[in-house]
Amino acid sequence: MIPLIALLVGAALGLVLQPEVPAFLAPYLPVAVVAALDAVFGGVRARLDGTFSDRVFLVSFLSNVVLAVFLVFLGDQLGVGSELATAVVVVLGVRMFQNLAAVRRHLFQA
């Protein structure tokens, strides 16, 4: 529950403060957000399954974000940044929908 509350507080602060993202970080921000959301949905699923560990969540959150950003950076260096970014978003998006489906099944027994 704490990750979900932190996500909502962070989103509210972002809407209120409207921070400026430097141009050189702009290609990495969407991928980092998707990776972070994937970790949050995984944490919610683990919590409902009774297997949540704050250490595992923290490591998952940080490693997802770092790996996703690194892959996009590597793609930029190889000249295929947008294609690799799309691949990362698709993979993480599929994982998010799988976790969301598991949460839905747990909550509604459907």
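Reader: Which residues of α4 are buried?
Author: This is a predicted model. In it, the buried residues of α4 are G81, A85, V88, L92, G93, M96, N99, A101, A102 and V103.

Reader: And what covers them?
Author: The cover over the buried residues of α4 includes α2 (29–49) and α3 (54–78).

Reader: How many residues does α4 have, and how far does it reach?
Author: α4 spans residues 81–108, which is 28 residues. From its first C-alpha to its last it reaches 40 Å, close to the 40 Å expected at 1.5 Å a residue.

Reader: What follows α4?
Author: Q109 follows, and its phi is positive, near 50°.

Reader: Back to α2 and α3. At what angle do they pack?
Author: About 155°, with the axes of α2 and α3 8 Å apart. That angle is over 145 degrees, so α2 is roughly antiparallel to α3. The crossing of the two is right-handed.

Reader: Which residues meet there?
Author: From α2, V31, A32, A35, A36, D38, A39, V40 and G43. They meet F57, S60, F61, N64, V65, A68, V69 and V72 in α3. By type, the residues of this contact are twelve nonpolar, three polar and one charged.

Reader: Different topic. Where is P19, and is it buried or exposed?
Author: P19 sits in the loop between α1 (2–17) and α2. Its relative accessible area is 59%, and the cut-off for exposed is over 50%, so P19 is exposed.

Reader: How far is P19 from L100?
Author: Their C-alpha atoms are separated by 29 Å, and the two residues are 81 apart along the chain.

Key:
Residues are numbered from 1 along each chain as its sequence is written. This is a predicted model: local features need pLDDT of at least 70, side-chain atom pairs count only at pLDDT 80 or more; totals for chains, interfaces and linings use all residues. Side-chain values use heavy atoms; hydrogens and water are left out. Helices (H or I, at least four residues) and strands (E, at least two) are DSSP runs, numbered from the N terminus. The expected span of a helix is 1.5 Å times one less than its number of residues. Buried means under 20% relative accessible area, exposed over 50%, partly exposed in between (1.4 Å probe, protein chains only). Contact means heavy atoms within 4.5 Å. Axes are lines fitted to C-alpha atoms, for helices over the stretch in contact, and angles run from 0 to 180 degrees between N-to-C directions. Angles under 35 degrees count as roughly parallel, over 145 as roughly antiparallel, 65 to 115 as roughly perpendicular and the rest as oblique. A crossing is left-handed if the near helix is turned anticlockwise from the far one by less than a right angle, and right-handed if clockwise. Ala, Val, Leu, Ile, Met, Phe, Trp, Tyr, Cys and Pro count as nonpolar, Asp, Glu, Lys and Arg as charged, and the others, Gly among them, as polar.
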